[in-house]
Amino acid sequence: MDESARPPADAIAAELGEILEGIRARAAEEPFGNPVLALALAISRRIDQGKLDLPAITALVRALRDRAFADRAERLAAYVGGIDGNTGEASFVITHPLAKGANV
C-alpha cells in the first residue's frame with residue numbers, strides 16, 4: 001500500500017470502533033462469541049484485502065498509545081491538582097506524613 005493511499009490512523013480507529021460497536025450489539029444474540037477474537041478477525045481480513053499494512057497498523061497503535069497517554073495525564077493532573085507548582089507543593093505539604101511531623 002503506497003503512502004498516499006493509506007488512511008490516517010484516526011480513520012482506521014474510527015472504522016474499527018464502528019466494527020467493535022457492531023460486535024458488541026450482536027453480543028446479546030451470540031453470548032458465546034468473543035469480541036476480541038471477532039475484532040482480530042476483522043483486522044486480519046483487512047490485512048488480507050490489502051486495506052491495512054504494517055505502517056498503517058503502526059500508526060494506529062501510536063495514535064491509540066498517544067491518546068491513552070494524554071487521557072491518563074489529564075486524569076492524573078485532575079487527581080493531583082494540575083501542574084501549578086504552588087498548588088502541587090501545598091498538596092504535598094498537607095498530605096505528606098513528614099510534613100505533618102510524623103516519625104517515619
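I began with the length of helix α1. At 1.5 Å a residue (the expected span is 1.5 Å times one less than the number of residues), its 18 residues should span 26 Å, and the end C-alpha atoms are 26 Å apart, which agrees. Helices here are DSSP runs of H or I with at least four residues, numbered from the N terminus.

I noted the source before going on. This is a predicted model, in which local features need pLDDT of at least 70, side-chain atom pairs count only at pLDDT 80 or more, and totals for chains, interfaces and linings use all residues. Residues are numbered from 1 along each chain as its sequence is written, and side-chain values use heavy atoms, with hydrogens and water left out.

I looked up which residues of α1 are buried (under 20% relative accessible area, with exposed over 50% and partly exposed in between, for a 1.4 Å probe and protein chains only). They are A9, I12, A13, L16, I19 and I23. Seen down the axis of α1, these buried residues fall within an arc of 125° (taken from the directions from the helix axis to the C-beta atoms), so they line one face of the helix. An α-helix has 3.6 residues a turn, so residues three or four places apart point the same way. On the face turned away from the buried side I found the exposed residues D10, E18 and A25.

What do the buried residues of α1 pack against? They pack against α2 and α3, where contact means heavy atoms within 4.5 Å.

In soluble globular proteins, nonpolar side chains tend to be buried together.

**Entry: salt bridges**

I counted the salt bridges (a side-chain nitrogen of Lys or Arg within 4 Å of a carboxyl oxygen of Asp or Glu), and the structure holds 4.

R67 counts as partly exposed at 40% relative accessibility, while D10 is exposed at 52%.

Next I took E15 and R46, which meet in a salt bridge at 2.7 Å, N to O. E15 lies in α1 and R46 in α2 (residues 35-48), so the pair ties together parts that are 31 residues apart in sequence. E15 is partly exposed at 35% relative accessibility, but R46 is buried at 17%. Which residues does R46 touch, not counting those up to four places away in sequence? I found E15, I19, K51 and L52.

Last, I looked at R24 and E21, which form a salt bridge at 3.2 Å, N to O. Both sit in α1, 3 residues apart, so about one helical turn separates them. R24 counts as exposed at 52% relative accessibility, and E21 is partly exposed at 46%.

How values were computed. Helices (H or I, at least four residues) and strands (E, at least two) are DSSP runs, numbered from the N terminus.
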